[in-house]
Amino acid sequence: MWKTNLIWVILYIAFVPPIFGQDSFEDKTLEEIDKLTLAAWRNGDIQKSRIYADYQIEKAKKLKDSLAIAFAFYTYMYSENFEEALNYCDSTIIFTKNSKNKFYPTLGYLVKGKIYKQKKMFKLALDNLLIADSLAKVKQNIAQQSSVKQVIANIYSHLGKYEEALEMHKKYYLQKSEYGGENWEISRNHTIALYNLSLSYLKVKKRDSARLFYQYAANKAEQANFHDFYTSKLVSIHAQIDFYDKRYDSALDTLRKYRFDNSGNWLANNYYYSGKIHRFKNNNDKAIEFFTKMDSMLTADKEPFFHAKDGLAELSNIFKELGDSENQLKYINRYLWVDSILIEQKETIDPLIVNKYQKPIMLEEKRKLLDQASRKQVLLNYLYVTLGAFVSVGVYFGIKSREHSRRIQYLIENGIPTSSASSIRNKTPNSIPEEVAELLTRGLDEFENAKLFLDKELTLSNLAKQFDTNSTYLSKYINEKKGENFPSYIKGLRIKYAIEALKENPGLLKFNIKGLASEFGFQTPDAFSRAFQKETNVKPSQFIKQLRKL
């Protein structure tokens with residue numbers, strides 16, 4: 001079927017004339033028409049965007065410009081018609097197969113992956129996403145590589161792998177802000193990135209962080225007039241945060257108010273939380289009403305989501321309490337049906353992610369580690385030779401060793417001494433407005449509590465953007481309030497966290513320095529070792545060795 005539709009698309013391009021006269025556009029370039037097409041599409045005027053795109057296709061055809069034709073396909077690739085959208089993706093790929101353009105044909109595969117993901121056809125989604133990732137790497141298109149990671153993160157989340165999804169969304173957000181330019185802060189993608197972070201924090205039960213990023217996203221959506229995005233997605237998070245904070249009436253009011261702005265799994269999710277709230281309020285009749293509505297949508301769409309299992313389990317338990325064994329058995333069977341589908345999806349997708357996505361990354365990491373090991377061995381050989389000339393100072397090193405032992409023991413028992421740790425000062429720079437200082441105080445508290453300093457890609461610039469301020473204010477604030485510059489502040493937080501984590505989690509003691517460096521937010525083992533020794537006057541290897549003896 002798709003091949004037939006694709007032929008019709010190509011025939012349309014070849015033979016169908018423009019749908020209106022050329023006079024209105026004869027003085028415009030293809031680039032100008034492309035901007036009009038995208039502007040209309042982003043403003044929600046799909047009909048107008050299609051008219052512009054059709055003319056763009058016709059003009060590009062006359063100029064025999066395959067890339068311009070592909071540009072015109074962009075809005076069609078997001079058609080609500082599943083088959084039509086796939087056909088335009090395939091046409092884009094065909095027309096740009098040998099293109100030197102930075103974005104093509106990668107975009108065709110990337111959008112196909114998103115379309116299949118929305119339909120829960122995860123194997124086909126991953127097949128196209130991995131092709132897109134490979135092409136984006138060849139063309140060094142960081143934006144598209146990052147977009148692939150975001151879609152894969154959403155697949156992780158659907159399968160219940162929330163911690164992995166959160167890590168990928170954090171990296172996407174920080175990396176995207178680096179290349180997004182001045183339009184990043186006001187873009188729909190920025191709002192979506194904030195939304196994904198809020199939802200991911202919610203799913204790992206970090207509600208304070210979830211609420212913080214929800215508020216950021218809501219503010220951005222309001223500023224940019226993304227009303228449809230707010231009503232269809234953000235209010236769902238708002239209601240869920242209220243639900244988990246046990247503010248049931250507020251959550252129920254929000255769900256009721258925006259129920260008809262949702263559809264598909266969004267509406268099913270709305271029904272699920274409505275049912276849960278009524279269940280907690282001991283209103284079983286209402287709980288049954290909403291849980292059965294949720295189930296009816298699962299039956300119609302055949303696209304179960306992760307919370308559907310819990311909703312069906314609740315239904316089964318309610319009917320058990322009512323002594324209705326027939327309905328109890330019915331919803332036990334429905335639960336098992338959903339569970340089987342989710343298990344099948346997980347068993348299908350997990351090996352694909354590991355073998356086709358994670359394994360190449362691990363192999364590259366292994367190569368880097370071997371290269372580093374080789375360089376270290378050369379250095380070690382040189383050091384051994386050098387140390388041979390200083391055998392006479394063995395007594396000195398013995399004394400130093402005893403001092404190190406005392407320091408290590410003190411570190412194990414007391415942590416970093418107060419004199420070495422970051423200290424908070426009371427003084428606030430006069431050059432920073434009071435409202436900005438208050439925002440930074442709250443923001444840095446949340447930043448530290450959420451352990452966001454562990455992200456290896458963190459920079460002063462992208463952290464300032466998260467706080468809706470500039471790098472100068474943030475730098476001055478940290479210098480005055482924390483008593484140190486930004487790099488020292490971040491390193492201090494990471495090392496303090498590393499010491500407590502190593503003491504409390506024996507499993508970390510099995511890691512090598514490379515693994516620990518990555519775990520605690522450092523780009524290289526050497527950077528981790530230097531920071532650790534600077535903060536503690538002890539090498540991390542010596543500290544770990546002593547912990548292993550305990």
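Y273 counts as buried, because its relative accessibility is 2% (buried means under 20% relative accessible area, exposed over 50%, and partly exposed in between, with a 1.4 Å probe and protein chains only). This is a predicted model, in which local features need pLDDT of at least 70 and side-chain atom pairs count only at pLDDT 80 or more, while totals for chains, interfaces and linings use all residues. Residues are numbered from 1 along each chain as its sequence is written, and side-chain values use heavy atoms, with hydrogens and water left out.

The structure holds 19 aromatic pairs (rings of Phe, Tyr and Trp, the last by its six-membered ring, pair if their centres lie within 6.5 Å; planes under 30 degrees apart count as stacked, over 60 as edge-to-face and the rest as tilted). One of them joins F243 and Y273 edge-to-face, at 5.3 Å centre to centre and with 70° between the planes. This pair links distant parts of the chain, since F243 lies in helix α12 (residues 227-244) and Y273 in helix α14 (residues 264-280), 30 residues apart. Helices are DSSP runs of H or I with at least four residues, numbered from the N terminus. F243 is also buried, at 6% relative accessibility.

The rings of Y497 and F520 form an edge-to-face pair, because their planes stand at 75°, with the centres 5.9 Å apart. Here too, distant parts of the chain are linked: Y497 belongs to helix α22 (residues 486-504), and F520 to the loop between α23 (513-519) and α24 (525-536), 23 residues apart. Y497 is partly exposed, at a relative accessible area of 28%, whereas F520 is buried, at 1%.

Both residues belong to one aromatic cluster, formed by F447, F453, Y497, F520, F522, F528, F532 and F543. Over the face of F522 lies R494, at 5.4 Å from the ring centre (a charge sits over a ring if NZ of Lys or CZ of Arg is within 6 Å of the ring centre and within 35 degrees of the ring normal).

## The packing of α19 and α21

Helix α19 (residues 434-449) packs against helix α21 (residues 471-481) at an angle of about 70°, with the axes 11 Å apart. Axes are lines fitted to C-alpha atoms, for helices over the stretch in contact, and angles run from 0 to 180 degrees between N-to-C directions. The two helices, α19 and α21, are therefore roughly perpendicular (65 to 115 degrees; under 35 counts as roughly parallel, over 145 as roughly antiparallel and the rest as oblique).
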